[in-house]
Amino acid sequence: MSDARRGGETDGTGATGRLVVVSNRVPDPTKTQAGGLAVALGAALKERGGLWFGWSGETVEEGSASDTPHTRTKGNVTYATIDLDEVEHERYYAGFSNRALWPVCHFRLDLIQISAEDTKGYFEVNERFARALAPLIEPDDIVWIHDYHLIPLAAMLRDRGVENRMGFFLHIPWPPSQVSSALPAYERLLRGLAAYDVVGFQTPLGAENFLTCLARDLPLGAVHPPRADAFPIGIDAEAFMELAREGAQDELAVRLRQSMRGRDLIIGVDRLDYSKGIGQRLEAFERYLETHAEQRNQVSLLQVTPRSRSEVPEYQDMEQEVAEHVGRINGAFGDVDWVPIRYVNSPIPHASLAGLYRMAKVGLVTPLRDGMNLVAKEFVAAQPADDPGVLILSRFAGAVHELDCALIVNPYDPDATAAAIARALEMPLEERQERWERMLARVEANSTSDWAKRFLAVLEG
């Protein structure tokens, strides 16, 4: 790698100056952050001082968005944001990011929508980010850019003379060439990723797929491959365990426990998204009820599915489909004092959710494709040591690489998932405890803080 790509000199501790974090959205520094990622990145920024740059979350009238960032400072961290106009948001975010990149990266070529205007808008917004960010970067800064919205940003910063070390982390899967090559501007996206010094993925397969794409789909010698590796993201297990203990006693958990009347609880928690396999999960639970008539009125599924990307028509349609599916199952199997599926279509506070995890006998985490899926890790951390529940986990979730003591299922096979539900509900205590202890050790060994430190250590190496 050339000296120009190496950036500033170290101070002997591996640090090269401020940390600059770039993400599609920037948290509000005046509010307490609940998400593990925001907390971890915020802690890394505070440790060395730095800048968090991204979209403000605000849209303005077409043509009125400025490249001059809004800035706020809290302690040694500056938060800098720019607005998008309505057309930019539609093309960059709702369009290319969520109708092209998202479906392709989740292996759903049938849902991809290719639009020349959306593709152009995606790169134009990244150019706006580069114009606004480049003057804020100091020579010794290290730059860490996040997720699929901002793939080409490093290449655009380098075109503006930014020579700093730059890393990228993709929070969603990166598919093999046969799938990813369906992306509009595919080669330009690959070249954009190659402009980073380090590209991080959730799993070894993601890194392998990416390097194979570079070798297969770009001309020989067209780019210098960056370092690509797996950096699986984690949670703060100790904090979540305490949250679950407290949450099990809050009003929501107490009300649910009373209403269950001793029945077993299965829990599923997902954003409303086609990648989560919610329809397939409902079908599997329906199959379980069909084949285990003796368990009717003995078990309920709590499916928590907050609305997501409501401005995208596909998600509006999905919300209706899921609600209808739940209604059909409840109508077919429910009784006057028992509802098979309790469907919640709004967010639940994190502490309450942790308490619900702790109550559940089964955690049903069955996405069709997921970069990691932290719900699986949260479910494990929430369980009581004396009577832990069983995690049922999709083989297509990134978490399966660490949580291989879960019951692993193919979410496309409702009969196999139904059989796993039956096995989980009947599993002896000793086996549940052995599986849980091994998974908890993995979760505890890989916190969100550890993830950030590992990535930055490689980027600064």
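Author: One term before we start: two strands pair if DSSP finds at least two bridges between them. Also keep in mind that this is a predicted model.

Reader: Good. How do S1 and S2 pair, parallel or antiparallel?
Author: Strand S1 (residues 19–25) and strand S2 (residues 50–60) are parallel, with six bridges between them. Within that pairing, Val 20 has Leu 51 as its bridge partner in S2, and Leu 19 stands opposite Gly 50.

Reader: And what about S5, how many bridges join S1 to it?
Author: Four bridges link S1 to strand S5 (residues 142–146), and these two run parallel. Val 20 takes part here too, with Val 143 as its bridge partner in S5.

Reader: Nice. What is the strand order in the sheet?
Author: The sheet is open and made of eight strands, in the order S3-S4-S2-S1-S5-S6-S7-S8, with mixed pairing. Its edge strands, S3 (70–74) and S8 (227–230), each pair on one side only. From one strand to the next, the twist averages 20 degrees.

Reader: Which helix packs on S1, S2 and S4?
Author: Helix H3 (residues 86–105) does, touching S1, S2 and strand S4 (77–85), and its direction makes about 100 degrees with that of S4. Helix H4 (residues 116–133) also lies across S1, S2 and S4, running at about 145 degrees to S4.

Reader: Let's talk about the core. Which residues have the most contacts inside the largest one?
Author: Those are Val 22, Phe 129, Ile 145, Leu 153, Leu 157 and Trp 174, in a nonpolar core of 89 residues. H3 gives the largest share of this core, eight residues. A second, separate core has 59 residues, including Leu 19, Ile 267, Ala 406 and Val 443.

Reader: Can you zoom in on one of them? What does Leu 153 touch?
Author: Leaving out residues up to four places away in sequence, Leu 153 touches Val 22, Asn 126, Phe 129, Ala 130, Leu 133, Ile 145 and Tyr 196.

Reader: Changing topic to aromatics. How many aromatic pairs are there?
Author: The structure holds 20 aromatic pairs. In one of them, the rings of Tyr 122 and Phe 123 have centres 5.3 Å apart and planes at 90 degrees, so this pair is edge-to-face. Tyr 122 is buried at 0% relative accessible area, and Phe 123 is buried at 5%.

Reader: How many disulfides does the search find?
Author: A search of the whole structure finds zero.

Reader: Last stop, H14. How many of its residues are buried?
Author: Eight of the nine residues of helix H14 (residues 374–382) are buried, which leaves the helix mostly covered. Among them are Lys 377 and Glu 378.

Reader: And what covers them?
Author: The cover includes helices H9 (237–247), H13 (350–359) and H16 (429–444), along with strands S9 (264–269), S12 (362–365) and S13 (390–394).

Definitions and conventions
Residues are numbered from 1 along each chain as its sequence is written. This is a predicted model: local features need pLDDT of at least 70, side-chain atom pairs count only at pLDDT 80 or more; totals for chains, interfaces and linings use all residues. Side-chain values use heavy atoms; hydrogens and water are left out. Axes are lines fitted to C-alpha atoms, for helices over the stretch in contact, and angles run from 0 to 180 degrees between N-to-C directions. Contact means heavy atoms within 4.5 Å. A nonpolar core is a set of buried Ala, Val, Leu, Ile, Met, Phe, Trp, Tyr and Cys residues joined through side-chain atoms within 4.5 Å. Buried means under 20% relative accessible area, exposed over 50%, partly exposed in between (1.4 Å probe, protein chains only). A disulfide is a pair of cysteine sulfur atoms within 2.5 Å. Rings of Phe, Tyr and Trp (its six-membered ring) pair if their centres lie within 6.5 Å; planes under 30 degrees apart count as stacked, over 60 as edge-to-face and the rest as tilted.
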